[in-house]
Amino acid sequence: MRGLNSLWISLAITASAVVAQSNSNSKVVEIGPDYNVLSEPFSREVDEPFSKTKSGSKTFENIGEAAFIVYNKRFYDIIGTQPNLTVVAEKDFSFAHEAGIYVEKTNEIMFTSNRLGDTSGTDQYADVYKMSVDTFEVTKISPSIDINLANGGTFYDGKAIIVGQGKGSLGAAIYSVDPVTYETKVILNNFFGLKFNSLNDVAVSRKDGSFWFTDPSYGFEQKFRQQPQLGDFVYRWDPKTGDVRLVADGFVKPNGFQFSPDENIAYVSDTGFTTGVGQTDVKRPHTVYAFDVSRKSGGSVFLTNRRVFALSDTGIPDGIKLDIKGNLYIGSGDGVNVYAPDGTLLGKINTIKCANLVFAKDDLFILSENKIYHTKLNTQGVMLN
């Protein structure tokens, strides 16, 4: 986040409402339009969060302490006038990293951990968890077959859909998981005999049941996969016909994928800014792109009219979720960045880090590695089934 002059920062919530309890934060900060011009000299580290942002020699810690940062007044239509951000689960390791799948039948969310174990080779692994929306109780689940380095996911036709990144000579795959019995099946694991790299995210079209997924080569860089047989692409698979095809290329590391509520637009994040092993390059993308979803007579579907939608100023834009109004919620290096459909940054939910998130109707759960945050919104997420 950017260094800011304290003269144009105003608190939108009174001091008495700043902290409700030790794990809860109601502090809101409004950012005025003058942040486009800062007093020289100023500087900031590229991927540092607000709490370490500097303008000259002064650190604006009051911004870093805020739970909600308002860039546009339309953000209040989403968070309301008395928002609250609460830590509802916490562990001493990165148990809450990716996927974010809401299972309405059980009123639970499912999610995957970050890479655990010896992350220097193929002994690393990832676990799958669930959490009750009612009690916030977290339980590790045991799929009936191994999901090798489980990562992103969605919900479709009564099943949790989870992508596995593969391990060693075992290629990446898409799995279906029964959210009650945990019966697990491989439903796709190759592109005409070529192994996928390390599948990252998946979405299913509610219009035709097709699966859309991203496949960056992070697994090779992170030393748990063999050398890639394919590029860093986005694919579409139609399980009714078996047709699997490449629908978009030109990415460094395609990552998050999601449709607009009417499925006329597809959003893809490119996280090439980071290699996945701690190295970054500001010249590489940390960008969300939008595409038109072009449906032709006869059933063919294409992604057309690629354009830049947003650029993350802190870290990378990872997982993407949308609400029913078409607003985008993007997990980034400083929490959740919220954009209007027109690309305006409305505000940020400041959890310092977030790879992914999940809506349970109007409850938003933010996966922040060793913590899960919760806030209640004035809108609901798109139901994925």
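You are looking at a predicted model, in which local features need pLDDT of at least 70, side-chain atom pairs count only at pLDDT 80 or more, and totals for chains, interfaces and linings use all residues. Residues are numbered from 1 along each chain as its sequence is written, and side-chain values use heavy atoms, with hydrogens and water left out.

Let's begin with confidence. The average pLDDT (the predictor's confidence in each residue, from 0 to 100) is 89 for the chain, and 90% of the residues score at least 70. Residues 1-21 have a pLDDT below 50, and in the model this stretch has 62 contacts beyond near neighbours in sequence; a contact means heavy atoms within 4.5 Å. Residues 52-61 are also below 50, with 27 contacts beyond near neighbours in sequence. Where pLDDT is low, the predicted coordinates should not be read in detail.

Now for the chain as a whole. It holds three helices and 30 strands; these are DSSP runs numbered from the N terminus, with helices being H or I of at least four residues and strands being E of at least two. Of its 385 residues, 57% are buried, where buried means under 20% relative accessible area, exposed over 50% and partly exposed in between (1.4 Å probe, protein chains only). Among contacts between residues at least 6 apart in sequence, 54% join residues at least 24 apart.

Strand 16 (residues 201-204) runs antiparallel to strand 17 and is joined to it by four bridges, with aspartate 201 opposite threonine 214. Six residues lie between these strands in their hairpin, where glycine 209 takes a positive phi near 75°. Strand 18 (residues 233-238) is also antiparallel to strand 17, over five bridges, and its arginine 236 is the bridge partner of tryptophan 212.

Elsewhere, four strands form an open antiparallel sheet in the order 8-9-10-11. Its edge strands, each pairing on one side only, are strand 8 (98-103) and strand 11 (138-141). Strand 10 (residues 128-132) pairs with strand 11 over four bridges, and valine 128 stands opposite isoleucine 141.

Another open antiparallel sheet has five strands in the order 2-7-30-29-28, with strand 2 (24-25) and strand 28 (356-360) at its edges. Within this sheet, six bridges link strand 29 (residues 363-368) to strand 30 (residues 371-376); isoleucine 366 has tyrosine 373 as its bridge partner.

Let's finish with asparagine 337, found in strand 26 (residues 335-339). Asparagine 337 is buried, with a relative accessible area of 1%. Leaving aside residues up to four places away in sequence, its neighbours in contact include Ser312, Tyr329, Leu345 and Lys348. The asparagine 337 side chain also makes a polar contact of 3.1 Å with the side chain of aspartate 334. A polar contact is a pair of N or O atoms within 3.5 Å; within protein, one must be able to donate a hydrogen and the other to accept it, and residues adjacent in sequence count only if both atoms are side-chain atoms.

How values were computed. Pairing = 2+ DSSP bridges.
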